[in-house]
Amino acid sequence: MSVDAVTQRYAEAFFELASDRGVVDEVRADIERIAAEVADETVGAWLFDARVPVEERRSQVDKLLADAQPLTRNLVGLLFDKGRVQVLRGLGDRKSTRLNS
């Protein structure tokens, strides 16, 4: 399964939950913020660098998302737990499939 397919599955489930819980606007803002951070060359390189301990990367992302919607924080935590942090690269692109409908 390609990263795009994995990202699509996570995105669809995430956005469906956001819609069900009535927090679409909040998670849209969170995803836009994450996408901007990941798009930054320095931040993106560091976040996806396997030489940086996962705990350190997760700690920094947790700080970034301290005021994020709990559903967003749960998704990001799940991605770290499952070794799928790469999904964050495409999540911003995939948001238009569900959040803008």
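Biologist: Which residues does Q69 touch, leaving out those up to four places away in sequence?
Modeller: Q69 touches V23, E26, V27 and D30. Contact here means heavy atoms within 4.5 Å. This is a predicted model, where local features need pLDDT of at least 70, side-chain atom pairs count only at pLDDT 80 or more, and totals for chains, interfaces and linings use all residues. Residues are numbered from 1 along each chain as its sequence is written, and side-chain values use heavy atoms, with hydrogens and water left out.

Biologist: Where is Q69 found?
Modeller: In the loop between α4 (54-64) and α5. Helices are DSSP runs of H or I, at least four residues, numbered from the N terminus.

Biologist: Is Q69 buried or exposed?
Modeller: Q69 counts as buried because its relative accessibility is 17%. Buried means under 20% relative accessible area, with a 1.4 Å probe and protein chains only.

Biologist: And T72, where does that lie?
Modeller: T72 lies in helix α5, residues 70-81. T72 is buried too, at a relative accessible area of 0%. Not counting residues up to four places away in sequence, T72 touches F14, V27, D30 and I34.

Biologist: New topic. Which residues line the largest pocket?
Modeller: Among them are I34, W46, Q60, V76 and L88. A pocket is an open set of points on a 1 Å grid over the protein atoms alone, where a 1.4 Å probe fits, with protein on both sides within 12 Å along at least five of seven lines; lining residues have an atom within 4 Å of a point.

Biologist: Which helices each supply at least two lining residues?
Modeller: α2 (24-39), α3 (41-47) and α4.

Technical notes:
Buried < 20%, exposed > 50% of the residue type's maximum accessible area, 1.4 Å probe, protein only.
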